[in-house]
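Dear colleague,

I am handing over the structure below, and after it I set out what was found. Please read the notes with the coordinates open beside you.

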Amino acid sequence: MYKGVRFLLLPAFAVACLWTASFDVQAQGKKGKGAKGPSPGAEILTVRGTVREFTTAPKGEKDGVMLTDGTWVHWPPHLENRFANIIDKGDKVKVVGWMETDKKGETKLEVSSLTNLTTNQTRETEFGPAALEAREKFGAGDGEFITANGSVKEFTTAKKGETDGFILNDGRWVHWPPHMEDRFANAVVKGDKVRVTGYWETGKKGETKLEVSTLTNLRTNKTIENPDRPASATELRNPVPGKAIDRDARIRELEDQVQQLLREVQRLRKEK
């Protein structure tokens, strides 16, 4: 009796999840640890000037510089060594970033990238130019959980030759760990239409990529999961902030989940 009740409840629970989650229309998203990028629509500026003096945070870390024209160039205090070590007073610099006003009403240019024009040394935050360009184009910021739909244009390879992802027709790089080549690469071919869920990340060289949580081949309806980067139920119900929800795509996702649950029910029934 108990087992029968359990199996009857599982499909009902799955359908209830489909009905409830399909009406989630407010996006919360997920940021990376400590991440704070420009607000949607913020203007990205390029400023050139000469360093007049350094500024310091409450705990004494160097957190920026004042240019001779009065512009306050600011970076997070924990990135003191990254930026302060490549510039000095009197150096000419080029800064890419966005203007922000803090709680005290002080206006500052938040750094995306900073270049010492004398030495040509450049340092970036996690919101470097490449990441900002991708954010503007795709509506995703570092650490955010998103869903991407598109066609496989070409595969990419890691240093040792393993297939480690592919480029979508809109230019986004879908990436998985090289050691998972067999798990993912065998599931799709060039031209396949796919749906991918995962985390938007910026690499050390400024490259942006969608780290896979799930990959669904819409031709075969086969879904592959990344056990190292699973998506929580909360993330699946909450798309990227400020990004319009594709209701049809969301419903398809939930239907896939329901089908997976029903297949699991059938498998368990056969094992009785």
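How many bridges join strand β1 to β2, and do the two run parallel or antiparallel? Strand β1 (residues 45-56) is joined to β2 by 5 bridges, and the two run antiparallel; please keep in mind throughout that this is a predicted model. Within this pairing, Glu53 has Met66 of β2 as its bridge partner, and the hairpin that β1 and β2 form leaves 5 residues between them, with Gly60 in the turn at a positive phi of about 95 degrees. Strand β2 (residues 62-67) is mostly covered, since 5 of its 6 residues are buried. Lys62 lies over the face of Phe54, at 4.4 Å from the ring centre.

On to the next strand: β2 is also joined to β3 (residues 72-74), by 3 bridges and again in an antiparallel manner, and Gly64 finds its bridge partner in His74 of β3. The hairpin of β2 and β3 has 4 residues between the strands, and Gly70 there takes a positive phi near 95 degrees.

As for the aromatic rings, the count comes to 5 pairs. The ring centres of Trp75 and Phe83 are 5.2 Å apart and their planes stand at 20 degrees, so this pair is stacked. Trp75 is buried, with a relative accessible area of 0%, and Phe83 is buried with a value of 0%. For Phe145 and Tyr199, the centres are 5.1 Å apart with the planes at 70 degrees, so the pair is edge-to-face; because Phe145 lies in strand β7 and Tyr199 in strand β10, it ties together parts that are 54 residues apart in sequence. Finally, ring pairs link Phe155, Phe166, Trp176 and Phe184 into a cluster.

Best regards

How values were computed
Residues are numbered from 1 along each chain as its sequence is written. This is a predicted model: local features need pLDDT of at least 70, side-chain atom pairs count only at pLDDT 80 or more; totals for chains, interfaces and linings use all residues. Side-chain values use heavy atoms; hydrogens and water are left out. Buried means under 20% relative accessible area, exposed over 50%, partly exposed in between (1.4 Å probe, protein chains only). Two strands pair if DSSP finds at least two bridges between them. Rings of Phe, Tyr and Trp (its six-membered ring) pair if their centres lie within 6.5 Å; planes under 30 degrees apart count as stacked, over 60 as edge-to-face and the rest as tilted. A charge sits over a ring if NZ of Lys or CZ of Arg is within 6 Å of the ring centre and within 35 degrees of the ring normal.
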